[in-house]
Amino acid sequence: MKIPPLCILMQFYFSNMFSSHFTMVRPLQIVVVLILVNLVAPSLAANILYPVESESREVRTLHGLWNFKISPPSNQMIGFDENWYATRFETLGDYWKMPVPSSYNDVSTNSTIRDYVGWAWYQYEFYVPKRWTDDQLNVFLRFSSVHFKSIVWLNGQICVDHEGGHLPFTGNATDFLKYGEPNLIVVAVNNTLRPDTIPQGYTTYPNNTYKYPKNYTIYSHEFDYFDYSGINRAVHLYTTPKVYVCDITVFTNFGNNSEGIVDYKVDICGNNIIECNITLLDANRNTVVESNTCSGQLIIPNVIPWWPIMSGKKHIAYLYTFQVKTNNENSDYYRLPIGVRTLQWTSKELLLNNEPIYLRGFGKHEDSIIRGRGYDDALSARDYYLIKWLGANSFRTSHYPYAEETLQQADSEGILVIVESAACNLRIFGPDVLKFHKGVMTENINRDKNHPSVIMWSLANEPYNNVNSSVSYFRKLYKYVRNIDPSRPITFVNSQQIQNAKAIEYMDILTLNRYSSWYSDSGHLELIQYQIYNEFEAFTKKYNKPILLTEYGAGAIAGFHSLPETMWSEDYHVTLLQEYFKTFDSLIANGIPILGEMIWNFADFKTPQEYIRPGLCVKGLFTRERQPKMAAYVVKERFNTFKSNFAWKNQSLGVNKLITGA
């Protein structure tokens, strides 16, 4: 079709974006987004692709035991003053060995390291082959996550710096490396959070010399999980030709005759080359369709859609391979798994491939003994086995983006994911933190935009949206994120009561955290059905939007039993969940548009030291060691009563009513 001028496209796009009752992806919006990506995105998204090997690329990990030092609290700048970035720690003495990837907090027996806040230093020595320079290759250094601020030196020279945990960053190491000789990499990491960062942290100076020594400082944050720090995820060295694929953007849709549609754009860096060979492969690596342009549209005859687990379909989590080859002398090859699926949302439903979805899952944490938030393939595999054992179909990345490998597995297993930013318990709203928040969301969407498993963006968890300053903040942030990605619904998770909740009217879907008979009316299990039903009904009438319960639950100490049930016992945990289940069934039966039920939490996790918790949040269905509590068996029975992902079709729930107009 003939594309109108950009100014007309943009006017149409922005004027049609914010329908409060019905929002869906329009083909013209996709065209506009791809044009906008072409104009503004390469500088933001370049080199964010996950490192993969190919005919033209090599990938190495820099994993192992790194040398590790911390700066004395009284002299935080000593590492910079004494040039630790160019000095082998063996010559300095007083250093530890620290595994990478892992959080540094729980590895040693030293409480100072466990609780450390400030500049920590990592160092590692490695070699790269001389042929990398002989072959005239780019060499990139990529960190998947360093918490929180980091500066990276190679052989004494700054290669890259980054601020913000949980998301990747890349530096061009080509000119800093010594080929065929030892190389020294040094990373300075500072986990200090500020009021203008995401998440927020606070440093206070108590003016009370009776209780505190002079110049004593107190560092705090409001999120209730342990703030694991360090090089938490993979460190990669990878090569590319001088002209290489640096970003890919895909949007998928369906035609009228069992066709799949893939609108795509490939960014090429290193030259002005605009020629690509695109080949779409099926699961058997057979060619389905080809193209010779770096941006365009692929039509897939008899497409196999990407469906989530428990959809009752023949093919679950079907992935094609989007293969790119640059058309130049030293071609670059990159292969990206993609799933063909659509998302739409109305005032009552979330639809995937035009079928309503009912989410059954939980919030999680990247948390385990010893390694903290450090990514581990064995632990991730165990978690997915447990997710499928339960019969769950979804989880939320509470309260920060999870590892890329986690989302890759969700794509291949058919698990739906709500990706949440690290803005947990946001309480200060202003231009500085908004700028930081926009940057975080840009990085997050650029990283995760092509995952079929990702079905929603969560801007924040339990912000202080009872204050007036939150309204303008979230309205602007929503508009910013919607401009980047028109294809997924946007929310933030609200914990405020209906009379105090602000800014939620700008979100596509209402997501609520509620703890009836736990944090409120503790011990009164008889109030759950009454309170939750009435509240869902009130939110529905006021906002005319679908609602997802993103947190509910209770603490349960593994092995502690009480008859009759009392708080903190496994018995109380089970009874509380069962009362919520009855409420959900009543909401479904009476046409209240509930999108799903997500329990807090998947597994017990570490929290800051406080008198209300025994070192852990024990609301998990599983222990921290990934063993089931009583509640896990009850949830397994509940989730497996759903024979499809459409709640109102499940005869086993005793629910037959179809919402009018859904």
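Visitor: Why is helix α12 called roughly parallel to helix α13?

Guide: In this predicted model, helix α12 (residues 570-589) and helix α13 (residues 630-639) pack at an angle of about 20°, with their axes 8 Å apart. Angles under 35 degrees count as roughly parallel, over 145 as roughly antiparallel, 65 to 115 as roughly perpendicular and the rest as oblique, so α12 is roughly parallel to α13. The axes are lines fitted to C-alpha atoms over the stretch in contact, and the angles run from 0 to 180 degrees between N-to-C directions.

Visitor: Which residues of α12 and α13 make the contact?

Guide: With contact taken as heavy atoms within 4.5 Å, those on α12 include Val574, Leu577, Phe581 and Phe584, while those on α13 include Met630, Val634 and Arg638. The residues of this contact divide into eight nonpolar, two polar and four charged, where Ala, Val, Leu, Ile, Met, Phe, Trp, Tyr, Cys and Pro count as nonpolar, Asp, Glu, Lys and Arg as charged, and the others, Gly among them, as polar.

Visitor: What makes α11 oblique to α12?

Guide: Helix α11 (residues 528-543) packs against α12 at an angle of about 40°, with their axes 9 Å apart, and that angle makes α11 oblique to α12. Among the residues in the contact are Ile532, Tyr533 and Phe536 of α11 and Leu576, Tyr580 and Leu587 of α12, and the residues of the contact divide into seven nonpolar, three polar and two charged.

Visitor: What makes β2 and β10 the edge strands of their sheet?

Guide: Four strands form an open sheet in the order β2-β15-β6-β10, with antiparallel pairing, and β2 (59-61) and β10 (169-172) each pair on one side only. Two strands pair if DSSP finds at least two bridges between them, and three bridges join β2 to strand β15 (residues 235-240). Within this pair, Val59 stands opposite Tyr238 in β15.

Visitor: Why is Thr491 called buried?

Guide: Thr491, whose place is in strand β30 (residues 490-494), has a relative accessible area of 1%. Buried means under 20% relative accessible area, exposed over 50% and partly exposed in between, with a 1.4 Å probe and protein chains only, so Thr491 is buried. Not counting residues up to four places away in sequence, Thr491 touches residues including Trp457, Leu459, Ile509 and Leu510.

Visitor: What do these values rest on?

Guide: Local features need pLDDT of at least 70 and side-chain atom pairs count only at pLDDT 80 or more, whereas totals for chains, interfaces and linings use all residues. Residues are numbered from 1 along each chain as its sequence is written, and side-chain values use heavy atoms, with hydrogens and water left out.

Methods
Helices (H or I, at least four residues) and strands (E, at least two) are DSSP runs, numbered from the N terminus.
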